[in-house]
Amino acid sequence: MSNEIWQDEARSVAAGIRRRVLEHTIKNNGGYLSQACSSAEIWASLYTKILNIGESEAPMIPAPFPGVPGADNENYFTGRAYNGPKAPHLDRFFLSPVQYALVLYATLVEVGRMSQEGLEQFNSDGSTVEMIGAEHSPGHEITAGSLGQALSQVAGIACARRKKGDTGRNWLFMSDGEFQIGQTWEALAVAKFYELDNISVIVDVNGQQADGAMKDVLNIEPLTSRVEAFGAHVVKVNGNDVEALVEAASIQPEGAPLVILAYTVPYYGIDLLEKRSPKLHYVRFKSEEERAEYAEILDLMNKEQGI
Amino acid sequence: MKTKTRVHAKKLVEWAKDKPEVLVLSADLTSNTEVDLFRAAYPDRFLSMGMTEQNISSFAGGLAREGFVPFFHTFAIFIYRRAFDQISMSIAYPNMKVRLVGFLPGIVTPGGATHQAIEDIALMRTLPNMTVVEPGDANEVAQVLDEIENIDGPVYIRQLRGEVPVLFDESEPMKFRRARQLQEGSDITLFSSGICTEEAMRASKVLAERGISLQHMHVSTHKPFNDPAILAAAEKPKYGIITMENHTIIGGLGSEVAEVMAENGVGKKLARIGLQDTYAHGASRLYLMRTHGLDALALVERVEKMVGEKLNITEADLQEVRLNEVHSEAKAEAL
């Protein structure tokens, strides 16, 4: 089919994201590997097809940490420029669970917005490529590490942009865990009340959180009917299917925010990871043997991807 | 004593007239926080947000990122107790130009422990990038908006509503970062803030008559707390320093003065009038000021202790108390 071109590209970017995060995890004996497995197709769809953004305006190798924002810090910058210029007609992208920062950095490398050297700065002193991303980190625009605050911040930005007559959409990547947080529901109520249909949310519903499976920690299902009850336009999709994601993202509801519940498999693409269930939040190898098992998978990926 | 009513309500409408970037966010306390006139005048710039204080704080941060100047109005307690993390991460960290306007400071309300903001200054001043101001009379309630207008970062305003006394000459407006010298003296230096300044002024005349030379400084900027006049006044007195605040003595004005004294090696006695590490309860302002020792008579007692002699001052000697009926215009409406 002639329209398979973008799908191939998106799938290839997703595979590259997974490979880069796996490589990083093996090298550093730790990483947010499960988040890469669950969300690689979401990131790939966003950056290759969904987001209407311009070319990166940021350096390929990220600048060092400029100090915290403040009246006296004229050198401060955010990582927004990796997502292109700010313009009324362009989309904006925001990341809420910044524990996914590693996956976002891998995505930026994969789509040519940051160099591999940038990813190698991950979690090193003085770098902006921080483990838990903040607004100075590449691809980030807000400080969202205290979960549940980004949707409200983006609602404020969306409200402001509507007042200014901007037409671009405001995309937010969220995690399902954030639907345990009261502020998320406050924000949904306000987004519907003010009919902020320029907010589009993609949720990685991987069913995982730090303590284990969400159904055992604090169940939030049925999420579709709960979010619908707050007035959002909800679309439930297979979050590891780039076509389903892109189709859902093409919906532009009127008078309500769009919430795409992307149901994902937390070990998608690396089946071995399933053995570690239900503790998938952060992967640190228990032995050299285990690390070697993952290194074999990486070798296989490298071969498949011609690395 | 002359008073003015609903000063903030009127001033905000006039002040924001040619400032289209100014938005007001209300958490279901619109007339209670005197933004009903703003809502009527500029309905498009008024956002009714319901009781979503955490959401409002982050939402305001988002609005500010796009160039608007949101004024979040609610009772002080619902700002800092409910949404401290959101204020810290969505507003203060990125240094957003958001104004947090908190009403019902300390014991001015009979609303009890749930409505009395007794530790707001302590918490808000710990936040990097945050400015903290507190008007003390009707003119300052109005002037504060001009004084903070150009601060390119978040500001917490501990605001007064309803019927507020006029204590200072309108021609000598509040100055950001500057303490106001109300009286010069050399025996004791008194720093007061908010409604305690009115109480202190009830006592200062009779103290002078009894031969106490009191240096009285009214503080309206809690942070930054670096007016050289504060240190100069702290270095002056023969006996010691008294602070007087409608707030817990931990972390507020008393602590601010103690920090300046210690850092500059001012080795003098410090007595802190305020809530003595306790919550209050629901009762009249007059009753609470007496039982918690926040009034003019409490100041007299502290002065006596500091100078080591009885001054024979009774309640009758003090300037008349300004009485506001619980359901008078002093309150915008019930709570």
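1. Let's start where the chains meet: 23 residues of chain B are in contact with 22 residues of chain A, contact being C-beta atoms, placed from the backbone, within 7 Å of each other. On the side of chain B that touches chain A, the elements giving two or more residues are α3 and α5 (84–92) of chain B. The biggest giver there is α3(B), with 9 residues. By class, this side of chain B has 8 nonpolar, 11 polar and 4 charged residues; Ala, Val, Leu, Ile, Met, Phe, Trp, Tyr, Cys and Pro count as nonpolar, Asp, Glu, Lys and Arg as charged, and the others, Gly among them, as polar.

2. Some housekeeping. This is a predicted model, where local features need pLDDT of at least 70 and side-chain atom pairs count only at pLDDT 80 or more, while totals for chains, interfaces and linings use all residues. Residues are numbered from 1 along each chain as its sequence is written, and chains are lettered from A and ligands numbered from 1 in the order in which they are written. Helices (H or I, at least four residues) and strands (E, at least two) are DSSP runs, numbered from the N terminus.

3. Back to α3(B), residues 53–65. Buried stands for 20 or more other C-beta atoms within 10 Å of a residue's own, exposed for 12 or fewer, and partly exposed for in between, with C-beta atoms placed from the backbone. Just past α3(B), B:G67 has a positive phi of about 100°.

4. Chain B is assigned domain 1 (3–165) and domain 2 (180–317), with bounds from an automatic or database domain assignment. The C-alpha centres of these two domains of chain B are 27 Å apart, and their contact takes 24 residues from domain 1 of chain B and 28 residues from domain 2 of chain B. On the domain 1 side, α6 (120–124) and β6 (131–133) of chain B are the elements that give two or more residues, and β6(B) gives the most, with 3 residues. That side of domain 1 of chain B has 13 nonpolar, 6 polar and 5 charged residues.

5. Next, a sheet in chain B. It is open and mixed, with 5 strands in the order β9-β11-β10-β13-β14 (chain B); strands pair if DSSP finds at least two bridges between them. Its edges are β9 (180–183) and β14 (269–275) of chain B, each pairing on one side only. Neighbouring strands are turned by 20° against each other on average, direction ignored. β9(B) runs antiparallel to β11(B) (residues 214–219), joined by 3 bridges, and B:Q183 stands opposite B:H216 in β11(B).

6. What packs on this sheet of chain B? Helix α10(B) (residues 253–263) does, touching β10 (188–193), β11, β13 (240–248) and β14 of chain B, and its direction makes about 145° with that of β13(B). Axes here are lines fitted to C-alpha atoms, for helices over the stretch in contact, with angles running from 0 to 180 degrees between N-to-C directions. B:L253, B:G254, B:S255, B:E256 and B:V257 are buried in α10(B). The helix's buried residues pack against elements of chain B including β12 (221–223) and α9 (228–235). After α10(B) comes B:G265, with a positive phi near 65°.

7. B:G251 deserves a look, in the loop between β13 and α10 of chain B. With 18 other C-beta atoms within 10 Å, B:G251 is partly exposed. Leaving out residues up to four places away in sequence, B:G251 touches B:E119, B:I121 and B:A122.

8. Over in chain A, an open sheet of 5 strands has parallel pairing and the order β1-β2-β3-β7-β6 (chain A). β1 (92–95) and β6 (233–238) of chain A are the edge strands, and the twist averages 20° from one strand to the next. β6(A) pairs with β7(A) (residues 258–263) in the parallel sense over 6 bridges, with A:I260 in β7(A) as the bridge partner of A:V235.

Methods
Contact = placed C-beta atoms within 7 Å.
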